[in-house]
Amino acid sequence: MDSSTGFSTCDFCDAHKADHSGKFQVLAPVFKDFGGRCVFHGPVLTVKCYEDNSHVKQAVESAGQGRVLVVDGGGSLRRALLGGNLAAAAARHGWAGVVVDGCVRDSAEMAALPIGIRALALNPMPTLRADQGQTGGAVLIQGTVVHTGDWLYADADGMVLSREALHLS
């Protein structure tokens, strides 16, 4: 366990390695770290969108309350669903982190913010805004189903997801 964070995803995996119920899962190790915080955790709010970040913008401009926004961008590498301005809004509004199954942009700006940000890659192309998407439903992130209300824990070793809050030592 990392004493500075109160948890270790490796310790969580050791404790839950025999859990085949689907209540504890490891997210695919394909996400890169772009935020100023590598370690973050909190209850999840989901957004599903494809190359349109209207619902991402609405979410990060609302009270984060220590939550983690998980964005199902369909794995698109064509447009960034989060940039420096929206990442700064997320940090200002108290979001613990944002995980994007897609791209982000403005990497230098995001690295300076006190928030966790994970995504597949960088792409400087912004999204369209046509108010397309959904907030709060089940999403599929790299083969893992994520629900609003799940708990996400991220550190240098990866990201784990649990249907309930895990004990922090």
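These legends describe close-up views of a predicted model.

**View 1. Cys13 and its nearest cysteine sulfur.**
A search of the whole structure finds 0 disulfides. Cys13 is in no disulfide, and the nearest cysteine sulfur belongs to Cys10, 6.6 Å away. A disulfide needs two cysteine sulfur atoms within 2.5 Å. Is Cys13 buried or partly exposed? Cys13 is partly exposed, and its relative accessible area is 25%.

**View 2. Cys49, another cysteine without a disulfide.**
Cys49 is in no disulfide either. Which cysteine sulfur is nearest to that of Cys49? The nearest is the sulfur of Cys103, at 12 Å. Cys49 is buried, with a relative accessible area of 5%.

**View 3. Phe7 and Tyr153, an edge-to-face pair.**
The structure has 4 aromatic pairs. One of them joins Phe7 and Tyr153. The ring centres lie 5.4 Å apart, centre to centre, and the planes make an angle of 75 degrees. Planes over 60 degrees apart count as edge-to-face. Where do the two residues sit in the chain? Phe7 lies in the segment before α1 (9–16). Tyr153 lies in strand β11, residues 151–155.

**View 4. Trp151 and Tyr153, a stacked pair.**
How do the rings of Trp151 and Tyr153 meet, stacked or edge-to-face? Their planes are at 20 degrees, so the pair is stacked. The ring centres are 6.3 Å apart. Trp151 is partly exposed, with a relative accessible area of 23%. Tyr153 is buried, and its relative accessible area is 1%.

**View 5. The aromatic cluster.**
Which residues do ring pairs link into a cluster? They are Phe7, Phe12, Trp151 and Tyr153. Tyr153 takes part in the edge-to-face pair with Phe7 and in the stacked pair with Trp151.

**View 6. Gln132 and its contacts.**
Gln132 lies in the loop between β7 (116–122) and β8 (134–135). Which residues does Gln132 contact, leaving aside its neighbours within four places in sequence? Gln132 is in contact with Cys49, Asp52, Ser54 and His55. Take Ser54 from that list. Gln132 and Ser54 are 78 residues apart in sequence. In space, they are 6.7 Å apart, C-alpha to C-alpha.

Definitions and conventions
Residues numbered from 1 in each chain as written. Predicted model: local features only at pLDDT ≥ 70, side-chain atom pairs only at ≥ 80, totals over all residues. Heavy atoms only, no water. Buried < 20%, exposed > 50% of the residue type's maximum accessible area, 1.4 Å probe, protein only. Phe/Tyr/Trp six-rings, centres within 6.5 Å; stacked < 30°, edge-to-face > 60°. Helix = DSSP H or I, 4+ residues; strand = E, 2+ residues; numbered from the N terminus. Contact = heavy atoms within 4.5 Å.
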